[in-house]
Amino acid sequence: MIDMANMPKGALHGIKVLDLSRVLAGPSCTQVLADLGAEVIKVERPHIGDETRHWAPPTFSDDTSAYYATINRNKKSLTVDITTPTGQTIIKQLIADSDILVENFKVGGLKKYGLDYDSLKQSNPRLIYASLTGFGQTGPDAARPGYDYIIQGLSADEYHGPSDGEPHKVGVAVVDLFAGLQLTIGIQAALLSRQNTGVGQHVDVALLDSALAMLANVGMNHLASDKIPPRLGNQHPNIVPYQVFAGEGEQHFILACGNDSQFAKLCTMLAVDWHTDERFATNPQRVANRELLCSDLTKQFAKQPRTYWLEVLDQAGIPCGAIHNVAEALAMPQAQARNMIVNFTEQGSPVRALGNPIKLSASPVSYRTPPPQLSEHTDSTLAKLGYDSEMIAKLKADGIV
């Protein structure tokens with residue numbers, strides 16, 4: 001259990017973030033900032049809130065949807081109708097004292113409310129204005145909406161799976177999450193730049209750009225060869241053997257021989273001399289003769305159950321691993337030791353959440369508050385801006401907050 005009461009201040013303590021983003025990509029960024037100590041005010045639509053509040057089941061016992069809880073801890077919930085002049089005034093009051101604004105509206109969508117970067121930097125030149133869109137602020141597709149699944153297809157990130165079947169998407173919205181991390185990096189770079197220049201800037205991150213960057217070695221293989229990399233399913237395009245095999249009874253596991261030395265250890269363990277065969281002695285030769293080698297390995301591994309292979313491979317120093325379901329993954333002693341499950345019961349919430357993977361020795365992440373209930377902090381936030389109880393009541397009656 002992490003002792004929140006005696007935690008040191010986070011690395012971003014004192015940084016104020018106004019979060020106008022919704023769903024997954026933008027909120028995943030602002031949760032990282034919040035975990036690192038920033039004060040994050042999440043702006044939501046009155047009576048409706050972020051769409052993910054309603055993406056259920058499942059929910060926790062307080063009706064918080066699991067999806068919403070994924071990326072909204074450590075935040076305050078303020079409901080404001082930004083389409084109204086009064087709502088826009090409230091947002092501008094908050095921006096005057098904010099370091100960062102995060103938004104994922106369509107390009108130009110906030111300009112009609114006077115909440116675009118060019119308008120806001122006039123009153124707060126230190127503002128870091130972070131935009132996360134499907135296709136970025138420029139280019140012929142800038143106005144198009146972006147969705148993780150579609151971007152996976154457009155970017156070729158979905159161009160994997162078995163060679164003889166339909167392409168497969170990644171199991172989670174990996175483009176959204178990766179773009180959220182890229183936005184976080186851009187924001188932190190802008191904060192460092194502001195220390196030197198005294199002024200903020202516009203951070204522009206696109207789902208498509210992030211997805212194309214995720215192509216990594218697969219994209220580089222194409223740039224180096226002008227060839228379209230084939231769909232290899234669970235196989236690696238540049239390393240062999242590096243894929244899924246099945247033990248006796250079709251129990252699957254992963255074998256990952258990353259170099260010739262590990263392959264030689266594998267051959268010794270299997271009592272075969274493939275590592276001295278010119279067809280398999282080096283990784284390029286193994287890639288060229290992939291089907292022949294992997295066919296022979298498949299026959300070898302079918303002779304014993306998965307538990308046997310995982311034990312002997314591990315003892316021989318050959319990288320391998322089981323394929324877990326979610327429950328098995330989260331129950332791993334290593335995951336427990338690394339505090340990768342966060343329990344908010346001490347804060348009176350039933351929510352359990354996935355932990356932050358960033359481990360800082362002097363200013364660690366913290367889990368101060370569970371995902372907020374809709375409008376939970378509206379009254380207190382408005383009171384700090386100078387609104388008295390009568391004014392707040394009228395704003396509520398008018399549907400503005």
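This is a predicted model: local features need pLDDT of at least 70, side-chain atom pairs count only at pLDDT 80 or more; totals for chains, interfaces and linings use all residues.
Author: Residues are numbered from 1 along each chain as its sequence is written, and side-chain values use heavy atoms, with hydrogens and water left out.

Reader: Why is the pair K42 and D50 called a salt bridge?

Author: A salt bridge requires a side-chain nitrogen of Lys or Arg within 4 Å of a carboxyl oxygen of Asp or Glu.

Reader: What makes D50 count as buried?

Author: Buried means under 20% relative accessible area, exposed over 50%, and partly exposed in between (1.4 Å probe, protein chains only). D50 has 1% relative accessibility and is therefore buried. K42 is buried as well.

Reader: Where is D50, and which residues does D50 contact?

Author: D50 is placed in the loop between β2 (39-44) and α2 (66-70); helices (H or I, at least four residues) and strands (E, at least two) are DSSP runs, numbered from the N terminus. Contact means heavy atoms within 4.5 Å. Leaving aside neighbours within four places in sequence, the contacts of D50 include S21, R22, K42 and Y68.

Reader: How do you know that R45 and E51 form a salt bridge, and are they buried or partly exposed?

Author: Their closest N and O atoms are 3.9 Å apart, which is within the limit of 4 Å. R45 has a relative accessible area of 38% and E51 has 22%, so both are partly exposed.

Reader: What makes K121 and D118 a salt bridge, and where do they lie?

Author: The N to O distance between their side chains is 3.7 Å, within the limit of 4 Å. Both residues lie in helix α4 (residues 117-123), 3 residues apart, about one turn of the helix. Salt bridges that share partners also join R22, R45 and E51 into one network.

Reader: Why are strands β4 and β5 said to pair?

Author: Two strands pair if DSSP finds at least two bridges between them. Strand β4 (residues 100-103) and strand β5 (residues 128-133) have 4 bridges in the parallel sense, and they therefore pair. L101 stands opposite Y129 in β5.
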